[in-house]
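User: I have a new model open and would like to learn it piece by piece. Could you take my questions one at a time?

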Amino acid sequence: MKIGYYPGSFDPITNGHVDIVSRGAKLFDKLYVSVSVNPSKQTMFSTEERVKMVKEVLKDWSNVEVVESNILTVEHCKILGASHILRGLRAVTDYDYEFQMTNFNRKICDQIDTVFLMTEGQYSFLSSSSVRELARFGGDVTPFVPAAIAKVVSEKFAKK
Ligand SMILES: Nc1ncnc2c1ncn2[C@@H]1O[C@H](COP(=O)(O)OP(=O)(O)OP(=O)(O)O)[C@@H](O)[C@H]1O
Ligand SMILES: [Mg+2]
């Protein structure tokens, strides 16, 4: 059984992430989507909120399972039996970081390789940070995130 592991902060999950998951789910028998708990990174949504949102959006994919992680990616892959890390690539700006991470992970554990899916053209400009920025300024995020997420995002800002 081929098991993949797609890590990210999903703060919040966007249509770009969903596209990578839907395509990744066809490459692997099972795909773990891992929401990272990173105390050094300030997130807009708490770990619980991010996990809940990702679960809600991905609930219909039978071979996709949402987990959270506060350990090294390669360690978590070993525990879950994943052979490959899945990442998305948008532009050359992603390349540097991903190149460094991939090789670093390979140094830590040469059993686990990283595979990349190139963004769908329509999502090439889309990131969680742009969605957060847009929401902060009261913009409409509905074109960029699943409907259930747009609701959560606008509720968050209505409170502020
Ligand atoms: N629109 C997109 N198209 C393809 N891949 C994407 C897209 N958005 C995110 N990804 C990929 O998803 C993975 C997890 O990304 P992450 O959770 O950091 O999202 P992000 O949009 O980059 O968020 P942030 O802006 O907060 O860094 C990364 O491999 C990233 O390249
Ligand atoms: Mg990012």
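**A tour by question and answer**

User: In which element is the place of Ser34?

Analyst: Helices (H or I, at least four residues) and strands (E, at least two) are DSSP runs, numbered from the N terminus. In this predicted model, Ser34 belongs to a strand, and its name is β2.

User: Before we go on, at which pLDDT do side-chain atom pairs count?

Analyst: Happy to set that out: residues are numbered from 1 along each chain as its sequence is written, while chains are lettered from A and ligands numbered from 1 in the order in which they are written. Side-chain values use heavy atoms, without hydrogens and water; totals for chains, interfaces and linings use all residues, local features need pLDDT of at least 70, and side-chain atom pairs count only at pLDDT 80 or more.

User: Is Ser34 buried or exposed?

Analyst: A residue is called buried under 20% relative accessible area, exposed over 50% and partly exposed in between, using a 1.4 Å probe and protein chains only. Because its relative accessibility is 1%, Ser34 counts as buried.

User: Which residues does Ser34 touch, not counting residues up to four places away in sequence?

Analyst: A contact here is a pair of heavy atoms within 4.5 Å. With Thr73, 39 residues apart from Ser34 along the chain, the C-alpha separation is 9.0 Å. Beyond its sequence neighbours, Ser34 touches Tyr5, Tyr6, Pro7, Gly8, Phe10, Val67, Glu68, Ser69 and His76.

User: What is the order of the strands in the open sheet?

Analyst: Two strands pair if DSSP finds at least two bridges between them. The edges are β3 (64-69) and β5 (113-118), each pairing on one side only. The five strands pair in parallel, in the order β3-β2-β1-β4-β5.

User: What does the twist average from one strand to the next?

Analyst: Axes are lines fitted to C-alpha atoms, for helices over the stretch in contact, and angles run from 0 to 180 degrees between N-to-C directions. From one strand to the next, the sheet's twist averages 30 degrees.

User: Which residue in β3 is the bridge partner of Val33?

Analyst: Strand β2 (residues 30-36) has six bridges to β1 and six to β3, in the parallel sense. In β2, Val33 stands opposite Tyr6. In β3, the bridge partner of Val33 is Val66.

User: What angle does helix α4 make with β4?

Analyst: Helix α1 (residues 15-27) lies across β1 (3-8), β2, β3, β4 (84-89) and β5, and runs at about 120 degrees to β5. Helix α4 (residues 92-108) packs on the sheet and touches β4 and β5; its direction relative to that of β4 is about 170 degrees.

User: What is the relative accessible area of Glu98?

Analyst: Glu98 lies in helix α4. Leaving out residues up to four places away in sequence, Glu98 touches Arg87, Gly88, Leu89 and Phe116. Glu98 counts as buried because its relative accessible area is 6%.

User: How far is the backbone oxygen of Pro143 from a polar atom of the Asn15 side chain?

Analyst: Asn15 is found in helix α1 and is buried, at 17% relative accessible area. A polar contact is a pair of N or O atoms within 3.5 Å; within protein, one must be able to donate a hydrogen and the other to accept it, and residues adjacent in sequence count only if both atoms are side-chain atoms. For Asn15 and Pro143, the distance is 3.2 Å.

User: Which peptide bond is cis?

Analyst: Most residues other than glycine have a negative phi, and most peptide bonds are trans. In the loop between β1 and α1, Phe10 has a positive phi, near 45 degrees. Pro12 lies in the loop between β1 and α1, and the cis bond, with omega near 0 degrees, runs from Asp11 to Pro12.

User: How much of the area of ligand 1 does the protein bury?

Analyst: Counting residues with a heavy atom within 4 Å, 20 surround ligand 1, and the closest are Tyr6, Ser9, Gly88, Ser128 and Ser129. A polar side-chain atom of Ser129 lies 2.3 Å from an oxygen atom of ligand 1, and a polar side-chain atom of Thr119 lies 3.0 Å from a nitrogen atom of ligand 1. Accessible areas come from the Shrake-Rupley method with a 1.4 Å probe, and for residues only the protein chains shown count as cover. Taken alone, ligand 1 exposes 600 Å², of which the protein buries 91%.
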